[in-house]
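Me: I'm new to reading protein structures, and I'd like to understand where the labels come from. Could you take me through this one?

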Amino acid sequence: MKKLALAFAASVATMLSVSGAANAADKTKICFVYVGSKTDGGYSQAHDLGRQELQKHFGDKIETPFLENVPEGPDAERAIERLAREDCKLIFTTSFGFMDATIKVAKKFPKVKFEHATGFKTADNVGTYNSRFYEGRYIAGVIAAKMSKTGTAGYIASFPIPEVVMGINAFEQGAKSVNPNFKMKVIWVNTWFDPGKEADAAKALLDQGVDILTQHTDTTAPMQIAEQRGIKAFGQASDMIAAGPHAQLTSITDTWGVYYIKRTQALFDGKWKSEQSWDGLKDGILTMAPYTNMPDDVKKLAEETEAKIKSGEIHPFTGPLNKQDGTPWLKAGEKADDKTLLGMNFYVEGVDDKLPK
Amino acid sequence: MIVEAILLTVITASTPLVISALGELVTERAGVLNLGVEGMMIMGAVAAFAAAQMTGSPLTGMIAGIAAGAVFSLLFAFLTLTLVTNQVATGLALTILGLGLSGQIGESFVGQPGVRLPALNIPGLSDLPFVGPVLFHQDILFYLSIVLVIGVHWFLFKSRTGLMLRAIGDSPSSAHTLGLKVIRARYLAVMFGGACSGLAGAQLSLVYTPQWVENMSSGRGWIALALVVFGSWRPWRVLAGGYLFGAVTVGQLHAQAFGIGLPAQFLSALPYAATIVVLIAISHNRRTTLINTPASLGKPFVPDR
């Protein structure tokens, strides 16, 4: 009898594993396109970590193929189309420059769903998603104003697009909330990715007397310079603590996984529809790396600020607020609307730099 | 002191340009145009980082960088000199291959803290005010770059072998008729170029920014190629060009931080604009340009047997 039961159990097990194999063939494909390499240490790596989290969450139910180092332009269209042909059900195109390519391919494949990061064009089967990075930059500004002895921070900026300008403004707003006279020196390096040039910019800023660095470029080079010179800095996109164990105050870390899980679940539930999503700290799409290398009172203030942003008590852009040239922008108590933020092409009052046009 | 600080940054930024440009200069003087500088540089960078990381010795890393560049350039030499493929196309392919291959090799090294090549401390001299930190407290690669300039200049213009190399670059068929081993000389010249680019790559991943990230050379190989033309194939002018480019690059960053009020895009374009202006000034005298340009540059040569 015992033997029979064992044989039965074994045959059931075999059947299960066979049906498991059958399932493997029709796993749902959720696909990704990256502009950089999945180990770039910054932006694309953050997306890939999100993908891995998604894979882990759904396990055997899904497959998550990805294409990395896809240049923006005609190649992007071919890459996205390839994924669509290979039966991907939902495709995340993770860079701003993939916008037109995504829209084009989406027209040809109406049954496939697309999500494009940081863009603004949508279609019935194309949604967009973005993260409120500026909330993190506000916190960084608060910390910088508390920590800086010279009252001046250095900001390594990439390109004068709304995303970056918004970040500089948010940092300034945070710093001003602590020290109204806080100064900022901005260097535009006109690249997202050039370790050498980013390091040069970091050195130039430090040589001119700033004692806190923050960056909106993708490599850990500025963090490394900060570590070497014994000053403090903020990381970007990924946790950069390895490059600056004594330098990093915190890092504005992209944690896309939450969003990828949410949207894949919506696809499974048949509830996916084109949306323009712009989540923030409270949704977990960006996370502050541990607050390190700072006294307890600053850490406490940073944590409180983070909590207040999550609860909505603080909005980094709340009136009364003037533009850099003194023209009024927000009335007392008024909060900036998303449309203005997404198209931001002006500095707020107090930023000590001339915005390249 | 701000001037001192700026100079230090300029030296670090210019050294890799000078080293790889000198290597390419010798290659081109032999009549071979290798557009794979960027690829060889990045291979040098990844090899240097990996070797330094695994052995803990930056000097081993440096040697690995040189070796990687030289070995990688051998591929180019074999294709263009033995199989007589098109030099321009092969050079471009070498760059693309190097960028991809280095990414594969370096994947596990991303994000790891690097090993820095330490600055030399010369007792007495390093403590001098101003000149001490600028001239006598540098890493070995800076001194090597200066030695290379002097060495290459001496070799090309003062030595008999250098004269032969230049003859090969100007007229390989005449040189061949005279019994010179054209292909062998060109192999060596290409490998010297590869070794220099590899060394420049090592400077990137051991000194400039001691870390490994894909594509970290970010176009410096192309700048080096331009510098060779800019310096009209003469070592001292290449050195001057490298430092001019580095100085304007770093200078414009300082100008921005200082709040000079000029548009950032204009400042970013300044190093390139300055290089072009000097290029025009130099090439103004057509005769000297013609004398210095290797006459058979980029043209394949097949010895008749």
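Me: Which residue just after α10(B) takes a positive phi?

Reply: That is B:Ser232, with a phi of about 40 degrees. Keep in mind as we go that this is a predicted model.

Me: What makes α10(B) a mostly covered helix?

Reply: A residue is buried if 20 or more other C-beta atoms lie within 10 Å of its own. In α10(B), which runs over residues 220-230, nine of the 11 residues are buried, and that is what "mostly covered" says here. Among the buried ones are B:Ile223, B:Leu227 and B:Phe230.

Me: What covers the buried residues of α10(B)?

Reply: The cover includes α1, α2 (37-55), α4 (87-106), α9, α11 and α12 of chain B.

Me: Why is B:Glu107 called partly exposed?

Reply: Set its count against the cut-offs: buried needs 20 or more neighbours, exposed means 12 or fewer, and partly exposed is in between. B:Glu107 has 14 C-beta neighbours inside 10 Å, so it counts as partly exposed. You can find B:Glu107 in the loop between α4 and α5 (131-135) of chain B.

Me: How far apart are B:Glu107 and B:Val213 in sequence and in space?

Reply: In sequence, B:Glu107 and B:Val213 are 106 residues apart. In space, they are 8.4 Å apart, taken from C-alpha to C-alpha.

Me: What makes up the contact of chain B with chain A?

Reply: Chain B gives 33 residues and chain A gives 31 residues. On the chain B side, α1 (2-29), α9 (182-208), α11 (235-258) and α12 (264-283) each supply at least two residues. The largest share of that side, seven residues, comes from α11(B). Sorted by class, the side of chain B that touches chain A has 17 nonpolar, 14 polar and two charged residues.

Me: Let's move to chain A. How many helices and strands does chain A have?

Reply: Chain A has 11 helices and 15 strands. Of its 357 residues, 49% count as buried. Its C-alpha trace spans about 80 × 50 × 40 Å along the principal axes.

Me: Into which domains is chain A divided?

Reply: Domain 1 covers 26-131, and domain 2 covers 133-253 + 286-342. Their centres, taken over C-alpha atoms, are separated by 29 Å.

Me: How do you know that domain 1 of chain A touches domain 2 of chain A?

Reply: Two residues are in contact if their C-beta atoms lie within 7 Å. Nine residues of domain 1 of chain A are in contact with 10 residues of domain 2 of chain A. Helix α2(A), residues 43-58, gives the most to the domain 1 side, with three residues. The residues on that side divide into three nonpolar, five polar and one charged.

Me: How do you know that β1(A) and β2(A) pair?

Reply: Two strands pair if at least two bridges are found between them. β1(A), residues 28-33, and β2(A), residues 62-63, have two bridges and run in the parallel sense, so they meet the cut-off. In this pairing, A:Lys29 stands opposite A:Glu63. Together with α2(A), β1(A) and β2(A) make a right-handed β-α-β unit.

Me: How many bridges join β1(A) to β4(A)?

Reply: Four bridges join β1(A) to β4(A), residues 90-93, and the two run parallel. In β4(A), A:Thr93 is the bridge partner of A:Val33. β1(A) also pairs in the parallel sense with β3(A), residues 66-67, over two bridges. There, A:Leu67 is the bridge partner of A:Val33.

Me: Why are β8(A) and β13(A) called edge strands?

Reply: β8 (183-188) and β13 (286-288) of chain A each pair on one side only. They belong to an open sheet of six strands with mixed pairing, in the order β8-β7-β9-β10-β11-β13. Neighbouring strands of this sheet are turned by 15 degrees against each other on average, direction ignored.

Me: What joins β11(A) to β13(A)?

Reply: Three bridges do, and the pairing of β11(A) and β13(A) is antiparallel. A:Ile252 stands opposite A:Met288 in β13(A).

Me: Which helix lies across β7, β8 and β9 of chain A?

Reply: That is α6(A), residues 162-178, running at about 170 degrees to β7(A). Helix α8(A), residues 221-229, lies across β7, β9, β10 and β11 of chain A, at about 165 degrees to β10(A).

Methods: Residues numbered from 1 in each chain as written. Chains lettered and ligands numbered in written order. Predicted model: local features only at pLDDT ≥ 70, side-chain atom pairs only at ≥ 80, totals over all residues. Nonpolar A, V, L, I, M, F, W, Y, C, P; charged D, E, K, R; others polar. Axes fitted to C-alpha atoms, helices over the stretch in contact; angles between N-to-C directions. Domains from an automatic or database assignment. Right-handed = clockwise from strand over helix to strand, strands pointing away.
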